[in-house]
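Work through the exercises below with the sequence and the model open side by side. Each task is followed by a solution in steps.

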Amino acid sequence: MPILSLSAKPLSRLPAKQAMSRLGRVRNLASSSRIRITMLNQQDRQGNETGRPLYLGIDFGTSGARYALIDKQGAIHAEGKRTYPAAVGQTTNWASSWREALFQLLGDIPPVHRSSISSISIDGTSSTTLIIDRNNGELLAGPFLYNESFPDALPMVSSIAPANHTVCSGSSTLCKLVSWWNKNCSNGSNDSAILMHQSDWLLWLLHGEYGVCDYNNTLKVGYDPEIGSYPSWLMSQPYSHMLPSSVRAPGVPIGPIKEDVRSQYGFSNDCVVCTGTTDSIAAFLAARTTDAGKAVTSLGSTLAIKLVSRVRVEDARFGVYSHRLDDQWLVGGASNSGGVVLRQLFSDDQLVTLSKDIDPSSPSPLDYYPLPKSGERFPVSDPDMEPRLEPRPDSDAEYLHGILESMARIEVASGYKLLKELGATPVEEVFTAGGGAQNEKWTAIRERVLGVPVRKAEQTEAAYGAALLALRGATTAITG
């Protein structure tokens, strides 16, 4: 039986635990030159003598790209990264930079491993969009980056989409598409223009087939992963022909790698290219947790949460939306609070030293709302909300304690508690990714405030999650 079908079918009626075991079975198998190569062991340094199959995942983040090469058990055989070129003046040729980084990374893979690579998957930033001419593959417009907003298209999008839909945001993929269409096709249709997400385009460079995407990336262009199709209100629009025509689950085979790429880099004749996902989903997959009630909190510059839920929850007012995860949902949201606030107040050395003097079992009486500047996304969605970091006690350790505890309160009250109120499965265990996962005192504080077990995720790199999707795709190709 295939782990996933080759198309995004409507959700089945399988019991949630049974359905999620599909991905769980695959995951359980997996218990400058700016390049860093890490070899698994001495045998791998001498060569992949066993000829074991390997699976390649590539993550395209906001500042650079990274790859991870794993085996069936999830052991990393090699990994590396490339940073994007610095901007020249006010512009960066992003498409050229991504293409260059992709093929540089392929070239960075130790030659001894390349013939063992069975499958490849790529993740990219959500809502990063390109307009391509399907006749010749040339770039017509963009890339429009994940954080670019197109408020000119928002009134039109809001007039056709349901209230509080995920696309009702100026930075959504649909707003980017509508804005381009209004400016370039008002006098008639451009039949050769198609929309691609960042990871779609990068994968297309490897397989050459137009129109293929995954249901995570298409969420913000209006695709409904619950019914497995685009809604009628979207398909009735004059630009609907530009949408990806074949939307599939993440991590399923698209086709063989192009012959010119295969021969140039020495990949196997059987190497297949698989559908990708967004960078945040790939980072979640890296934690290898699939049961309902399990969550990942990313403590980086901001505080982001993702929770496996049996119930789909979406509310654009709070920036809450759900990605399909096999037959369950990955519900997420984010706060502007996070590590950027700590770095404004303390050095890394101070954070380490002051944390030693914190008693995490003792609640802090200080009540803050740590923000780097005015404005909060989640849950209040208040663009004018002011940071609250007063009063400051004489003791820096007490001050840090109060800030860390206040962030924990945001995580629970403004995060997991809100998701529960909106109908999501209650959180039962939290895995932590990001730099904040290194602070054991903060982990203990969060565990007390959340009232559930909290522990550090073993793997947090999105490239590792993409490699797991490649593993899934290879398994699908074998068993399907």
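A residue counts as buried when its relative accessible area is under 20%, and as exposed when that area is over 50%. The model used here is a predicted one.

**Exercise 1. The chain as a whole**

Task: State how many helices and strands the chain has, and what share of its residues count as buried.

Solution: 
- Step 1. The chain contains 15 helices and 18 strands.
- Step 2. Out of 480 residues, 56% count as buried.

**Exercise 2. Ser406**

Task: Decide whether Ser406 is buried or exposed, and find which residues it touches beyond four places in sequence.

Solution: 
- Step 1. Locate Ser406 in helix H13, which covers residues 396-421.
- Step 2. Ser406 has a relative accessible area of 1%, so it is buried, the cut-off being under 20%.
- Step 3. Leaving out residues up to four places away in sequence, Ser406 touches Leu366, Asp367, Tyr368 and Pro370.
- Step 4. Asp367 is 39 residues from Ser406 along the chain, yet their C-alpha atoms are separated by 6.2 Å.
- Step 5. For Tyr368, the backbone nitrogen lies 3.0 Å from a polar atom of the Ser406 side chain.

**Exercise 3. Ser119**

Task: Find which backbone atom the side chain of Ser119 reaches, and decide whether Ser119 is buried or exposed.

Solution: 
- Step 1. Ser119 sits in strand S4, residues 117-124.
- Step 2. The relative accessibility of Ser119 is 0%, and therefore Ser119 counts as buried.
- Step 3. The Ser119 side chain reaches the backbone oxygen of Ala470 at 2.5 Å.

**Exercise 4. A sheet of 3 strands**

Task: Give the order of the strands in the open sheet that contains S5, and name the helix that packs on this sheet.

Solution: 
- Step 1. The order is S6-S5-S7, with antiparallel pairing.
- Step 2. Strand S6 (139-144) and strand S7 (193-197) are the edge strands, each pairing on one side only.
- Step 3. On average, neighbouring strands of the sheet are turned by 20 degrees against each other, direction ignored.
- Step 4. Strand S5 (residues 129-133) is joined to S7 by 5 bridges, and Leu130 has Met196 in S7 as its bridge partner.
- Step 5. Helix H3 (residues 94-108) packs on the sheet and touches S5 and S6, its direction making about 85 degrees with that of S6.

Notes
Residues are numbered from 1 along each chain as its sequence is written. This is a predicted model: local features need pLDDT of at least 70, side-chain atom pairs count only at pLDDT 80 or more; totals for chains, interfaces and linings use all residues. Side-chain values use heavy atoms; hydrogens and water are left out. Helices (H or I, at least four residues) and strands (E, at least two) are DSSP runs, numbered from the N terminus. Buried means under 20% relative accessible area, exposed over 50%, partly exposed in between (1.4 Å probe, protein chains only). Contact means heavy atoms within 4.5 Å. A polar contact is a pair of N or O atoms within 3.5 Å; within protein, one must be able to donate a hydrogen and the other to accept it, and residues adjacent in sequence count only if both atoms are side-chain atoms. Two strands pair if DSSP finds at least two bridges between them. Axes are lines fitted to C-alpha atoms, for helices over the stretch in contact, and angles run from 0 to 180 degrees between N-to-C directions.
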